[in-house]
Amino acid sequence: MHSENINHAFLDPVVAGDQVDVYYHFGLSSADPVIERLRDVRAIVMAGSGARIDEFARTWSRMNGDAEITALPKEERFVTRYCAGVLFASHGMGMPSASIAVQELMRLVYFLKRGDLDALAEVFWARVGTSGGVGLPGGTIVVTTEGVMADLRPYRVLNGGMGEYWFDSTFPRDVAEDIVAANSSSGLKVVLGKTVAGNEFFLEQFRLDGAVCMETPETKMAWLEWIHDNGVRNIEMEGAMLAGYLNHWGFPRFAMICCTLLDRLQGDQVTATPEQLGKYSDDSGAALMAYLTSTLGPSGPA
Ligand code: URA
């Protein structure tokens with residue numbers, strides 16, 4: 001872990017019990033009794049939608065002998081479940097929303113692990129989501145090797161008009177390869193690739209079907225071909241930020257697993273049926289669970 005990048009000034013008095021930290025968007029504080037149930041967390045699994053989080057927690061519970069699921073009461077912003085060592089949390093859509101979830105979860109995990117950097121380094125993080133494929137048909141699962149923004153540069157945020165803060169938004173390659181290996185006999189199509197995180201579903205993903213459209217068929221295809229030629233295999237809206245913040249603290253184990261809903265080289269609109277969308281979501285969850293069971297220990301069939 002990179003201790004020098006951790007906000008010790010704020011976080012250490014919380015660990016010492018001199019100050020309470022309020023994880024406001026999760027409806028939780030470091031003084032809540034329920035926090036003791038989360039102490040043994042070994043993995044944090046995030047997804048955009050709260051319904052998917054609930055499903056993942058139920059599946060994980062079944063795979064772990066119907067282990068108890070603890071639900072945090074506030075669901076106005078993010079939905080959170082804890083079960084058998086895994087904290088499942090939704091993050092909404094896009095980097096502004098997901099960055100709130102990630103920052104509060106990093107603070108929470110620091111508190112849960114009492115600021116012990118070795119214990120923190122053992123926590124595995126994952127985002128499971130949906131994406132637009134680039135040269136891949138709907139239903140393909142992409143495990144991200146590197147998160148980039150729409151200009152193929154790493155994640156960055158504005159620094160009060162003075163410039164930008166830049167972050168390393170690569171994903172640990174060994175973890176990504178282990179996820180592919182854990183799924184080698186699953187029958188799922190799982191590939192490695194770079195992932196663009198757009199700040200917008202329409203404009204920053206070069207769609208022609210937004211209410212506001214700034215592109216032509218030619219500029220759209222030129223962008224898609226450019227990112228494809230540079231190793232991008234899918235487009236979503238959170239990965240570069242996730243990797244940037246986790247790398248900043250030095251977490252060694254994290255991943256992003258996204259199912260494609262469509263091939264953007266073929267079109268812009270998501271026309272998959274509810275059944276197909278349900279299968280895509282189940283498949284990306286299954287790809288993660290295969291890896292989780294291979295690394296977190298005992299479980300049986302769902
Ligand atoms: N999510 C995205 O951000 N883009 C897509 O095309 C599909 C899902």
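Mentor: Here we take a few terms in turn and set each value against its definition. This is a predicted model, where local features need pLDDT of at least 70, side-chain atom pairs count only at pLDDT 80 or more, and totals for chains, interfaces and linings use all residues. Residues are numbered from 1 along each chain as its sequence is written, and side-chain values use heavy atoms, with hydrogens and water left out.

Trainee: Let me start with Glu238. Is it buried or exposed, and how do you know?

Mentor: Buried means under 20% relative accessible area, exposed means over 50%, and partly exposed lies in between, using a 1.4 Å probe and protein chains only. Glu238 has a relative accessible area of 5%, so it is buried. Its place is the loop between β12 (232–236) and α7 (239–249); helices (H or I, at least four residues) and strands (E, at least two) are DSSP runs, numbered from the N terminus.

Trainee: And why is Asp66 called exposed?

Mentor: Asp66 has a relative accessible area of 60%, so it counts as exposed. Asp66 sits in the loop between α2 (50–63) and β4 (69–71). Its phi is near 55 degrees, a positive value in a residue other than glycine.

Trainee: What does the side chain of Glu238 reach?

Mentor: The side chain of Glu238 reaches the backbone nitrogen of Gly94 at 2.6 Å. A polar contact is a pair of N or O atoms within 3.5 Å; within protein, one must be able to donate a hydrogen and the other to accept it, and residues adjacent in sequence count only if both atoms are side-chain atoms.

Trainee: Which side chain does Arg127 join in a polar contact?

Mentor: The side chains of Arg127 and His91 are joined by a polar contact of 3.2 Å. Arg127 belongs to strand β7 (residues 124–133), and with a relative accessible area of 4% it is buried. Among the residues that Arg127 touches are His91 and Glu238, where contact means heavy atoms within 4.5 Å.

Trainee: Now the helices. What makes α2 and α8 oblique?

Mentor: Axes are lines fitted to C-alpha atoms, for helices over the stretch in contact, and angles run from 0 to 180 degrees between N-to-C directions. Angles under 35 degrees count as roughly parallel, over 145 as roughly antiparallel, 65 to 115 as roughly perpendicular and the rest as oblique. The axes of α2 and α8 (residues 274–296) cross at roughly 40 degrees and come within 11 Å, and therefore these helices are oblique to each other.

Trainee: Why are α3 and α7 called roughly parallel, then?

Mentor: Helix α3 (residues 95–112) packs against α7 at an angle of about 25 degrees, with the axes 10 Å apart. That makes α3 roughly parallel to α7.

Trainee: How many residues of the contact of α3 with α7 are nonpolar?

Mentor: That contact has 10 nonpolar residues, two polar and no charged. Ala, Val, Leu, Ile, Met, Phe, Trp, Tyr, Cys and Pro count as nonpolar, Asp, Glu, Lys and Arg as charged, and the others, Gly among them, as polar.

Trainee: One more: what makes Val190 buried?

Mentor: Val190 has 15% relative accessibility, so it counts as buried. Val190 lies in strand β11 (residues 190–197).

Key:
Lists of a residue's contacts leave out its neighbours within four places in sequence.
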